[in-house]
Amino acid sequence: MSAGGGTKAIIAALVANAGIALAKFVGFLITGSSSMLAEAVHSVADTSNQGLLLLGQKTSQRKATLNHPFGFGRDRYFYSFVVALLLFSLGAVFALYEGIHKLEAHEPLSSPWVAVGILVVAIALESYSFKTAIGESKLIKGDATWWGFIRQSKVPELPVVLLEDAGALFGLVLALLGVGLSTLTGDPVWDAIGTICIGVLLGVIAVILIIEMKSLLIGEGAAPAELDVIVDELAAGKVQRVIHIRTQYLGPEELLVAAKIALNPGMTVAEVAEAIDAAELRVRNKVPAARLIYLEPDLDRSLTKS
């Protein structure tokens, strides 16, 4: 996935959320529904989040500097982490506060069918955004499960958009249930309960994203299958074996590989250089993300000891 990977999904989510947020605020002003207000704030947070994801993609493309010799690829991880924090603070906390407040106030709804209509339209728009995110994710998901993709993906934007859209859809259904039950029963407490459920849902999603983005931000190595490929490619040609290896993703498409490799004894400097160049080429052909490879030649002292 290139630096612009997932941009289509991000833009689709941004446009959908901006329109939905406006409609929800109008609906809240007409109906006074706390579920509608919670969802409106949620959509505002989501719209801001898409802007931050696009900003992260842009800033991550800056050229390396003396102070940042490995570039700015982790900007995408940083802004995705900020998105998770905003989802928690603006979405979850506000919804919980509003729901608890309405439990105490018991304010009746006015024109509830306006809220129902807006929520139905919002579900349709959010479904389009979710479908777009799923389509973009399938391009890089491979055989992994959706949960595995969210846990293992080194491209932060798509898991963020997927979980945001899924949370938005479930949140809209909860809001629709809250407004609908309040209308049918005449008891506004259902609207408040729906709002609290939205807050809990957003909180769970935000915590999952915070954990995953923190892991990427502080540095993740290659996945086990990917690491096996790298080791196999290094331990070929004139390389006897890989003595030890360390990997770390500097960005979604930039993997750092540092390894000590055992070479055949008695090789000349030119032969050592040739063996290292060949090993780097083999790795890059199989794992294109391995752009930075540092290999330290050594002798296999385990053979000497034996």
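1. Let's start with lysine 154, which counts as buried at 13% relative accessibility (buried means under 20% relative accessible area, exposed over 50%, partly exposed in between, with a 1.4 Å probe and protein chains only). This is a predicted model, where local features need pLDDT of at least 70 and side-chain atom pairs count only at pLDDT 80 or more, while totals for chains, interfaces and linings use all residues. Residues are numbered from 1 along each chain as its sequence is written, and side-chain values use heavy atoms, with hydrogens and water left out.

2. Where does lysine 154 sit? Its place is the loop between helix 5 (146–152) and helix 6 (157–185); helices (H or I, at least four residues) and strands (E, at least two) are DSSP runs, numbered from the N terminus. The side chain of lysine 154 reaches the backbone oxygen of glutamine 152 at 3.2 Å and makes a polar contact with the side chain of glutamate 220 at 3.4 Å. A polar contact here is a pair of N or O atoms within 3.5 Å; within protein, one must be able to donate a hydrogen and the other to accept it, and residues adjacent in sequence count only if both atoms are side-chain atoms. Beyond four places in sequence, lysine 154 is in contact (heavy atoms within 4.5 Å) with residues including Tyr77, Tyr249 and Pro252.

3. On to the domains. The assignment gives domain 1 (4–218) and domain 2 (224–298), the bounds coming from an automatic or database domain assignment. Their centres, taken over C-alpha atoms, are separated by 41 Å. Between them, 9 residues of domain 1 are in contact with 9 residues of domain 2.

4. How much area is buried between domain 1 and domain 2? About 780 Å², with carbon and sulfur atoms giving 57%; buried area is the accessible area (1.4 Å probe) that two parts lose on being put together, summed over both. In domain 1, lysine 154 turns up again: Phe70, Arg74 and Lys154 lose the most area to domain 2, together 62% of what that side buries.

5. Polar features of this interface: there are 4 residue pairs in polar contact between domain 1 and domain 2, both residues at pLDDT 80 or more. The rule also finds 1 salt bridge across the interface, where a salt bridge is a side-chain nitrogen of Lys or Arg within 4 Å of a carboxyl oxygen of Asp or Glu.

6. By that rule the count comes to 10 salt bridges. Glutamate 253 pairs with arginine 76, the closest N and O atoms being 3.1 Å apart. Glutamate 98 and lysine 102 meet at 3.7 Å, N to O; both lie in helix 3 (residues 75–105), 4 residues apart, about one turn of the helix.

7. Lysine 260 has a salt bridge to glutamate 296, with the closest N and O atoms 3.7 Å apart. Glutamate 296 lies in strand 3 (residues 292–298) and lysine 260 in strand 2 (residues 254–263), so the pair ties together parts 36 residues apart in sequence. Lysine 260 also forms a salt bridge with aspartate 298, at 3.5 Å between the closest N and O atoms. Lysine 260 is buried at 17% and aspartate 298 at 16%, whereas glutamate 296 counts as partly exposed at 43%.
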